[in-house]
Amino acid sequence: MTSHVPNEARVIPLRPRAERPEARPTAPRPTAPRPTASPVPPERRPPTVREPLWRDLVGDVLRRERLEQERTLKEVAEAARISMPYLSEVERGRKEASSEVLAAAAGALGLGLGDLLARAQGELVRLSSRHTGAGRGTPGTRFDGMCLAA
């Protein structure tokens with residue numbers, strides 16, 4: 001069987017062809033002004049202080065408590081019923097753990113969730129006062145947080 005249809009594709013343009021504009025000179029792009037040197041010398045600038053992250057503080061407290069009890073990561077993870085790699089990442093501040101996970105990890109270490117968070121809050125106050133130079137006896141220092149009495 002032979003076909004009498006030519007072996008060519010028919011192209012139907014969706015838009016009419018636009019005429020190519022003649023090459024025209026382009027204007028130079030405006031450049032952004034370069035930053036000038038700061039009028040304050042570096043030695044007189046206030047130091048940039050990075051606030052500690054909550055997940056780092058909580059992880060440090062968990063790790064410190066586990067090491068004080070001389071327990072392995074595996075023992076605590078099994079007791080808390082969470083995976084060992086996840087607990088490791090929580091301790092290193094790589095993961096933002098849920099309150100359920102934190103409560104389980106604290107419980108496996110014999111702590112309540114409130115105990116864990118109070119210790120982390122104490123670390124936050126200690127680190128913040130060190131960075132700002134404020135201490136408990138400094139007038140005008142404000143402490144917002146938990147107050148625990150034994």
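Okay, ground rules. We're looking at a predicted model, where local features need pLDDT of at least 70 and side-chain atom pairs count only at pLDDT 80 or more, while totals for chains, interfaces and linings use all residues. Numbering starts from 1 along each chain as its sequence is written, and side-chain values use heavy atoms, with hydrogens and water left out.

So, the overall layout. The protein chain has 5 helices and 0 strands, which gives you α-α-α-α-α from the N terminus on. Those elements are DSSP runs numbered from the N terminus: helices are H or I with at least four residues, strands are E with at least two. Of the 150 residues, 21% count as buried. Buried here is under 20% relative accessible area, exposed is over 50%, and partly exposed is in between, with a 1.4 Å probe and protein chains only. The accessible surface comes to about 12800 Å², and 54% of that belongs to carbon and sulfur atoms; that's Shrake-Rupley with a 1.4 Å probe, and for residues only the protein chains shown count as cover. As for contacts, meaning heavy atoms within 4.5 Å, take those with a separation of 6 or more: 61% of them are between residues 24 or more positions apart.

Now α4, residues 99-108. Which of its residues are buried? Val101, Leu102, Ala105, Ala106 and Ala108. Looking down the axis of α4, they fall within an arc of 160°, so they line one face of the helix. The arc is taken from the directions from the helix axis to the C-beta atoms. After α4 comes Gly110, with a positive phi near 80°.

Next, Glu65 in helix α1, residues 54-68. Buried or exposed? Glu65 is buried, at 12% relative accessible area. Its side chain makes a polar contact of 2.9 Å with the side chain of Gln69. By polar contact I mean a pair of N or O atoms within 3.5 Å; within protein, one must be able to donate a hydrogen and the other to accept it, and residues adjacent in sequence count only if both atoms are side-chain atoms. Setting aside neighbours within four places in sequence, Glu65 touches Leu109, Leu111 and Arg119.

Last one: Gly122, in helix α5, residues 113-132. Gly122 is partly exposed, at 32%.
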